[in-house]
Amino acid sequence: MSSQAFAADVMVVGAGPTGLALAAELRRLGVSIHIVDAQAEGANTSRAAVVHARTLEVLEPLGVTAHLLQDGLKVPTFRIRDRDNVLLSIDFSTIPSAYPFALMCPQDRTEAILLASLEKLGGKVDRPCDFLGFETEGSQVVATVRSDGIRRGIRSRWLVGCDGMHSRVRDVAQIAFEGAVYEQSFVLADVRMDWPGSREEVSLFLAPEGLLVVAPLPGDRFRIVATMDDAPVSPSLGDVNALLATRGPIAVRANVQDVLWSSRFRVHHRIATSPRKGRVLVCGDAAHVHSPAGGQGMNTGIQDAVSLAQALAETLRDGNETRIDDWATERHEVAARVVTLTDRLTRMGTARSPTAQKLRNAAIHFAGSLPMVRAALARNIAELPPR
Ligand SMILES: Cc1cc2nc3c(=O)[nH]c(=O)nc-3n(C[C@H](O)[C@H](O)[C@H](O)COP(=O)(O)OP(=O)(O)OC[C@H]3O[C@@H](n4cnc5c(N)ncnc54)[C@H](O)[C@@H]3O)c2cc1C
């Protein structure tokens with residue numbers, strides 16, 4: 001290894017939304033950082049499409065929220081439907097936040113805005129640079145990375161893995177990642193279509209074949225998400241139209257004209273046993289993964305990152321590590337709540353027997369008639385702290 005110079009107070013592995021938010025917030029708080037990513041450039045696909053109220057709140061001091069609001073589409077309503085019937089209607093306009101809506105914005109745009117914020121604060125992503133492993137030496141961590149075929153060591157006080165679901169940081173730290181994989185796969189597609197519904201609503205359709213989500217995106221696009229037993233690798237226009245025809249509205253049918261991007265993925269529900277091991281921490285998908293129902297993944301990761309930046313900045317100032325332990329405990333509880341919520345939404349959408357489906361629809365309809373339940377669901381999905 002050619003060098004082992006002290007590089008920064010905090011080394012961040014991964015420049016997805018979690019790593020970018022962490023690095024930018026640390027810079028804002030005056031902490032030195034070194035951020036690496038294995039990819040030569042940032043991802044340019046749509047993926048997570050919703051930014052929730054709590055995420056907009058925590059990104060305010062970075063100036064990121066104003067840019068997201070410029071680019072995103074405000075959607076005040078989330079409805080659960082059985083074909084043309086509304087089973088439950090959630091109104092975000094009543095949540096106690098300055099951002100009483102879900103903001104639809106493709107993930108590549110959110111990442112570009114976070115990167116611009118980091119660069120404005122003097123940060124830069126070291127890429128392509130592969131994190132290989134680390135060793136702890138007293139109160140410092142020496143990470144081994146490789147770029148241009150050359151290995152080097154990077155010394156820091158804290159190492160944070162924001163390196164996604166297959167996190168090498170988590171593996172090398174030997175933090176267990178407990179959970180399982182859903183049997184069904186998920187279809188994702190960004191489309192242009194004639195849509196009989198409102199562009200002010202995200203609709204979740206419960207059908208015998210599985211769930212279907214239709215969400216408006218900025219411009220004239222829509223995001224489609226559906227569960228399937230055996231999804232095609234790249235869902236085609238015909239595949240997406242078939243999903244809408246068999247699960248979506250009946251009175252006036254939707255008609256897709258264009259598939260702009262589509263993908264299939266298997267979803268895991270897993271949580272790291274602890275987000276901290278010594279001077280190594282994990283955040284975002286490296287610490288928790290779950291179903292995309294409710295659009296919580298990227299949001300939870302960004303919120304992990306912003307709160308960790310604050311805990312690290314204070315700990316680096318006065319040496320009191322209790323805050324890092326408190327952060328780890330709190331974020332582990334949040335991740336467990338998110339996995340439970342998204343698991344309920346997913347299982348509810350994949351009930352198979354007609355009797356179970358009838359009971360489910362009746363229960364949702366009843367719950368939807370209770371204003372307190374609707375308000376609690378709105379807060380929960382918006383990721384606002386419990387009262
Ligand atoms: C097809 C698809 C669709 C999705 N749809 C939704 C959705 O609709 N709603 C939702 O909420 N979520 C969705 N997600 C999940 C969402 O994209 C993630 O929750 C989010 O990207 C997590 O951000 P992250 O920064 O924690 O991890 P990631 O975005 O995975 O970023 C990790 C980064 O770490 C880098 N990295 C990995 N290993 C190394 C290494 N060894 N060295 C250096 N760098 C490394 C990677 O290059 C990457 O840039 C989707 C994901 C996919 C793949």
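These are legends for a set of close-up views of one predicted model.

**View 1. The whole chain, before zooming in.** The chain carries 10 helices and 19 strands. Its radius of gyration comes out at 21 Å, close to the 21 Å that the globule rule gives for 387 residues, so the chain is as compact as a globular protein of that length. Along the principal axes, the C-alpha atoms take up a box of roughly 65 × 45 × 40 Å. Buried residues account for 46% of the 387 residues. Of the contacts with a separation of 6 or more, 75% are between residues 24 or more positions apart.

**View 2. The shell around the ligand.** Here 32 residues surround the ligand, and the closest are Gly14, Gly16, Gly164, Gly284 and Gly297. By residue type, the shell splits into 13 nonpolar, 13 polar and 6 charged.

**View 3. Strand E11 and its two partners.** Strand E10 (residues 140-147) and strand E11 (residues 150-161) run antiparallel, joined by 7 bridges. Within that pairing, alanine 143 has isoleucine 154 of E11 as its bridge partner. The two strands make a hairpin with 2 residues between them, and aspartate 148 in the turn has a positive phi of about 50 degrees. E11 also pairs with strand E18 (residues 280-282), this time in the parallel sense and over 3 bridges. For that pairing, look for leucine 159 and its bridge partner in E18, valine 280.

**View 4. Strand E15 between E12 and E14.** Strand E15 (residues 221-228) is mostly covered, with 7 of its 8 residues buried. Strand E12 (residues 177-194) runs antiparallel to E15 and is joined to it by 8 bridges. Strand E14 (residues 210-216) is antiparallel to E15 too, with 5 bridges. Alanine 226 is a handy landmark: it is the bridge partner of valine 187, and leucine 212 stands opposite it as well. The E14 and E15 hairpin has 4 residues between the strands, and in it glycine 219 takes a positive phi near 80 degrees.

**View 5. A three-stranded open sheet.** The strand order is E3-E7-E4, and the pairing is antiparallel. E3 and strand E4 (73-75) are the edge strands, each pairing on one side only. Between E3 and strand E7 (residues 102-104) there are 2 bridges, and valine 50 stands opposite methionine 104 of E7.

View 6. Arginine 47 sits in the loop between strand E2 (33-36) and strand E3 (50-51). The C-alpha atom of arginine 47 is 22 Å from that of asparagine 255, a residue 208 positions away along the chain.

**View 7. Two non-glycine residues with positive phi.** Arginine 83 has a positive phi near 50 degrees and belongs to the loop between strand E5 (77-82) and strand E6 (85-91). With 13 other C-beta atoms within 10 Å, arginine 83 is partly exposed. Glutamate 383 has a positive phi near 65 degrees and lies in the segment after helix H10 (371-381). Glutamate 383 is buried, with 24 other C-beta atoms within 10 Å.

View 8. The bond between arginine 127 and proline 128 is cis, with omega about -10 degrees.

**View 9. Helix H8 from end to end.** Helix H8 (residues 322-349) has 28 residues, which at 1.5 Å a residue should span 40 Å; the end C-alpha atoms are 41 Å apart, so the two values agree. Its buried residues include Trp327, Ala328, Arg331, Ala335, Val338, Val339, Thr342 and Leu345. When reading that pattern, recall that an α-helix has 3.6 residues a turn, so residues three or four places apart point the same way.

Note on methods
Residues are numbered from 1 along each chain as its sequence is written. This is a predicted model: local features need pLDDT of at least 70, side-chain atom pairs count only at pLDDT 80 or more; totals for chains, interfaces and linings use all residues. A residue is near a molecule or strand if its C-beta atom, placed from the backbone, lies within 6 Å of it. Ala, Val, Leu, Ile, Met, Phe, Trp, Tyr, Cys and Pro count as nonpolar, Asp, Glu, Lys and Arg as charged, and the others, Gly among them, as polar. Two strands pair if DSSP finds at least two bridges between them. A residue is buried if 20 or more other C-beta atoms lie within 10 Å of its own, exposed if 12 or fewer, and partly exposed in between; C-beta atoms are placed from the backbone. The expected span of a helix is 1.5 Å times one less than its number of residues. The radius of gyration is taken over C-alpha atoms; the globule rule is 2.2 Å times the number of residues to the power 0.38. Two residues are in contact if their C-beta atoms, placed from the backbone, lie within 7 Å.
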